[in-house]
Amino acid sequence: MDQNISFTLKVWRQNGPTAEGHFDTFEMKDIPGDTSFLEMLDILNEQLIEQDKEPFVFDHDCREGICGMCSLYINGNPHGPAQGATTCQLYMRRFHDGDVITVEPWRSAAFPVIKDCMVDRSAFDKIIAAGGYTSVRTGQAQDANAILISKDHADEAMDCATCIGCGACVAACKNGSAMLFVSSKVSQFALLPQGRPEAARRAKNMIAKMEELGFGNCTNTRACEAECPKNESIANIARLNREYIKAKLAD
Amino acid sequence: MSQIDSKIPAGPLAEKWTNYKAHQKLVNPANKRKLDIIVVGTGLAGASAAASLGEMGFHVINFCIQDSPRRAHSIAAQGGINAAKNYQNDGDAVYRLFYDTIKGGDYRAREANVYRLAEVSASIIDQCVAQGVPFAREYGGMLANRSFGGVQVSRTFYAKGQTGQQLLLGAYSSLMKEVNNGTVELHTRTEVEDVVIIDGRCRGVIAKDLVSGKLERYAAHAVCLATGGYGNAYFLSTNAMGCNCTAAIQAYRKGAYFANPCFVQIHPTCIPVHGDKQSKLTLMSESLRNDGRIWVPKKLEDAKRLQRGEIKGRDIPEEDRDYYLERRYPAFGNLVPRDVASRAAKERTDHGFGVNNTGLAVFLDFSDAFQRLGRKRVDERYGNLFDMYQEITDVDPHDNPMMIFPAIHYTMGGLWVDYELQTSVKGLFALGECNFSDHGANRLGASALMQGLSDGYFVIPYTMQNYLADQITVPRFTTNLPEFEEAEKKVQAEMDRIYDIQHKQADKSKLVSVDTIHKELYKILWNQVGMARNAEGLKSALKKLKEVREQFDTCVRIPGSKEGLNVELDKAIHLRDFILMGELIAYDALERNESCGGHFREESQTEEGEAKRNDEEFMYVACWEYQKDDDTAPVLHKEPLNYEYIKVQTRNYKS
């Protein structure tokens, strides 16, 4: 059985994008180890509501590690100490009695704070809108088996497509670069025959949009790869660079 | 009895949709630009509809409550999507998918709608592959398939355990393409609070910007709701935290009929409830039942020792295990439909054979599969699910069988729609899980994704044109019309009322959080309107639900400001509608005195404890009409179901 733990919780409070933020400190008592991190925050919020205080605001939705909504920076790591897991998949048994747990928002110029730890990630949608698709119209597709795709390529494309768009890569990067996010999408399509016709346009347009939106450059520190909850590989970034150079050379 | 016209086209079943498409009215390209369509929601149904309508040239206004359309809860669907491709050469066909779906739904769905669904299923796979959805493939490069519950063919396409994610990202990418093309106007973190009706037609919505807290008006020639199901009425479900039925319930309040609300799906393979601080339940994909075997101990004393934690599942020898699904349903075994599997688990645990400390769990065991296929191949199929299970429970499914238990997962009921997906309010359409149309009393696994995409990609693009064809001379609406004014005022007044409850309550010690009241609702719904229902329990539930509303109306506490972002205020609005939804489920369950699909009335069962349908009295769609206020009981209308092409039988998964 999991043990109960007690710890000090410091959470970031900020009333808006331009407001000054601060930490609020709470003593959390007897939290069972099989409580998820977000359920622990639910417990905190229930306590705050009971005292007629404003609950702590954070993004969350599916709580199964797939929607990409949850986005907490815990003790200096995006999504906390667990490898290959989102914040919602983190369980309190990872922590110890007497710990100090610090919770902050994603910090990046491209992701302004909305309130507390809720940030605005609409920049990611804008990058996808710049080219993260195949331009196929509904109802025009040929039979799904008409083009064979080797299992290896399909599997690799699937690994790239697993990105949940949470933004941990940007939060982890000292440059605030979105290269892992962009390269995962570009790689998925680069590996599939359906994505090839627009490969050059896609790489150029998505990179241009990323730069326009204020994301930084990649300096190969690999922090993104280490923190990605879906274990996206920086091999994707290498592939994006190849796609981009090819596209530019063809201009 | 009022007239309910489902607008099923005439002609033979297999030609209905083709005939409809050949004869429907069209809107020419120049006119499409002048017509606005609102799509609420960006899940599979909403995103595919918004993208397709945008591509056609309509001006689309699309809303989602999350920060990005890609987060809609369709993303969490794990196992796969059905399609009658017959790539496995195992005898599959459109008719067989149609037949399986009608039978799986326990003969409570419309033949024509379901046939159309089966018919377009193959095109969905083509569409998704063209979008770059990386479905699983065989070494030869062809698409791979697996089996799901309730069928005897392999027709499920999948992308690891993340099929919903990949299909949604496909639809999302098409949507963002149209945002880029300027045909779709996207509003994120925006929730629709009401629909606006002008001269009997739905002409817009009142939406709340969840960040600024301000209400906004949007006008259009037609409105599509693709807002998902109402499973979160039960508080603990596999739905995402934000899933709610506010827009659908508001449409119901404005005159749209709500159909078959008591048909709620309880999924057999979820991680069991632990403690009372839990906020949601986690699903383990149905695909696990392909290779996992479900069992409880044969001996009650073994079960007691498991409950006390003295032994583990692996300690019980083979001969003392009761593989109860294989025992009761030899033909389908562990792959019986969800309702059957859930009830069988309840039957065993009710008799004391539960295997965890609460006595509310059964085993899902892979030891056979590890021996037969080797650990590596099993891990290739389910590795990510095993990891997820271990992270949550701290138990490695390689060492010990998984523990699972049924939980609320999906709602077959929803807004009543005709063949064109139009509700009983003109110009208001409902798509995907939000409508009731295709799954009858029980949905088969991997059919939700199929239905959402069918509605969005392949049905609404046709039927919407048919509706709008005579609207081309109607100019764009201004939101200054008195109908918008009045609707916005009412929504604002209702928000003010909810927020001010705490200030009107003299005894502050009575104030409680939204979640506290929601948990009360959960207890009533789960215990009395859950897996097994009876008349007495349902009547008592209806009485208790009134008390829950009373508590909400006098004791809900909402800290923070009424202006700006206030998560608790939004949750309170959802809860107001979940309470009404709970009542609707209970009214419908009480009225339907038969057992069918996900709805089990204890009064109506065979001697063996199987569900007993009553076709003479209940072969209809129950359509509920809202009366003057939430406290007044709704009125029932019936749409009879006619089966012309399928012989109605007792569902049999035994032989």
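Mentor: Residues are numbered from 1 along each chain as its sequence is written, while chains are lettered from A and ligands numbered from 1 in the order in which they are written. In this predicted model, local features need pLDDT of at least 70 and side-chain atom pairs count only at pLDDT 80 or more, whereas totals for chains, interfaces and linings use all residues.

Trainee: Which helix of chain A gives the most to the side that touches chain B?

Mentor: Contact here requires C-beta atoms, placed from the backbone, to lie within 7 Å. The contact between the chains takes 67 residues from chain A and 65 residues from chain B. On chain A, α1 (37–50), β6 (113–115), α2 (122–129), α3 (151–161) and α5 (179–190) each supply at least two residues; helices (H or I, at least four residues) and strands (E, at least two) are DSSP runs, numbered from the N terminus. With 6 residues, the one that gives the most is α1(A).

Trainee: How many charged residues does the side of chain A that touches chain B have?

Mentor: Ala, Val, Leu, Ile, Met, Phe, Trp, Tyr, Cys and Pro count as nonpolar, Asp, Glu, Lys and Arg as charged, and the others, Gly among them, as polar. By these classes, this side of chain A has 28 nonpolar and 18 polar residues, and its charged residues number 21.

Trainee: How is α2(A) oriented relative to α6(B)?

Mentor: Helix α2(A) packs on helix α6 (residues 163–181) of chain B at an angle of about 85 degrees, with the axes 8 Å apart. Axes are lines fitted to C-alpha atoms, for helices over the stretch in contact, and angles run from 0 to 180 degrees between N-to-C directions. Angles under 35 degrees count as roughly parallel, over 145 as roughly antiparallel, 65 to 115 as roughly perpendicular and the rest as oblique. The angle therefore makes α2(A), relative to α6(B), roughly perpendicular.

Trainee: Which residues of α6(B) make the contact with α2(A)?

Mentor: The residues of this contact divide into 4 nonpolar, 2 polar and 1 charged. From α2(A) come Asp125(A), Ile128(A) and Ala129(A), and from α6(B) come Ser173(B), Met176(B), Val179(B) and Asn180(B).

Trainee: What is the handedness of the crossing of α5(A) and α8(A)?

Mentor: The axes of α5(A) and helix α8 (residues 235–250) of chain A come within 8 Å and cross at roughly 70 degrees. A crossing is left-handed if the near helix is turned anticlockwise from the far one by less than a right angle, and right-handed if clockwise. For α5(A) and α8(A), the crossing is left-handed.

Trainee: How far apart are the C-alpha centres of domain 1 and domain 2 of chain A?

Mentor: The assignment for chain A gives domain 1 (4–114) and domain 2 (122–250), with bounds that come from an automatic or database domain assignment. Their contact takes 18 residues from domain 1 of chain A and 16 residues from domain 2 of chain A. The separation of the two C-alpha centres is 29 Å.

Trainee: Which helix supplies the largest share of the side of domain 1 of chain B that touches domain 2 of chain B?

Mentor: In chain B the assignment gives domain 1 (267–408) and domain 2 (482–618). The contact takes 6 residues from domain 1 of chain B and 6 residues from domain 2 of chain B. The largest share of the domain 1 side, 5 residues, comes from helix α10 (residues 338–350) of chain B.

Definitions and conventions:
Contact = placed C-beta atoms within 7 Å.
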